[in-house]
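Student: I've got a model open and I'd like to learn how its features get their names. Can we go through it together?
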Amino acid sequence: MAYRPTDRQVCSLAQVGMSLLLASLLFLSLMALSSSTGPPVGHAQTVPPLDVSTKAVTPAIAAPGTSLSYTILLRNIGDAPLPAAHLTDTLPLSLTYTGDLGASAGSYGFSSGVITWSGAISPASAVTITFSAWLTTAVADGVTIANHALITGDGRLITRTAVFTVDAAPPTC
């Protein structure tokens, strides 16, 4: 018989996971703010402009039929604008888009399971993209589902991923 954690253990893990996620986002925000003025004169920038971009999903544990909220933060920590940044996010087949896509700047859309965004990102600034999706009922308990965003704009292709785990009967905390 497979090990199955108690409701209390699942709640504790979910709370710890959320705390770690929030701490990580705060750390990344502080790092981006501290480097927002660009590299010192005469020094090359060591971190590519979009490398501190993030993607997150809540909740981290979800039952079939649950609404999941995604947040993507595209952050330009460079000292030059990124005039043609792009994002493509193909939803896994186990998710159904709910129609609430939004972005703090740029153009965005949804078609055939794919979220797109394009626009400019000024130096030392960020664009926030949000959307929600429902977890379909035909997903097995214990499955981990990853959703990937592909980002371009600084001459490279980078991927940011958000992951959650399916629990057929998540406890109420």
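Tutor: Let's start with a term: a nonpolar core is a set of buried Ala, Val, Leu, Ile, Met, Phe, Trp, Tyr and Cys residues joined through side-chain atoms within 4.5 Å. Buried means under 20% relative accessible area, exposed over 50%, and partly exposed in between, using a 1.4 Å probe and protein chains only. This is a predicted model, where local features need pLDDT of at least 70, side-chain atom pairs count only at pLDDT 80 or more, and totals for chains, interfaces and linings use all residues. Residues are numbered from 1 along each chain as its sequence is written, and side-chain values use heavy atoms, with hydrogens and water left out.

Student: Which residues touch the most other members of the largest nonpolar core?

Tutor: L74, L135 and F164 do, in a core of 30 residues. Strand 9 (125-135) is among the strands that each supply at least two residues, and strand 9 gives the most, with 5 residues. Strands here are DSSP E runs of at least two residues, helices are H or I runs of at least four, and both are numbered from the N terminus.

Student: What makes S53 count as buried?

Tutor: Its relative accessible area is 3%. Buried means under 20%, so S53 qualifies. S53 sits in the loop between helix 1 (7-34) and strand 1 (54-58).

Student: What does S53 touch, leaving out residues up to four places away in sequence?

Tutor: L73, L74, R75, I151 and R160. Contact means heavy atoms within 4.5 Å.

Student: Why do strand 2 (61-62) and strand 7 (107-111) count as edges?

Tutor: 6 strands form an open sheet in the order 2-11-10-4-8-7, with mixed pairing. Strand 2 and strand 7 each have a single partner strand, so one side of each has no neighbour in the sheet.

Student: How do you know that strand 2 and strand 11 pair?

Tutor: Two strands pair if DSSP finds at least two bridges between them. Strand 2 and strand 11 have 2 bridges, in the parallel sense, so they meet that rule. In strand 11, V166 is the bridge partner of A62.
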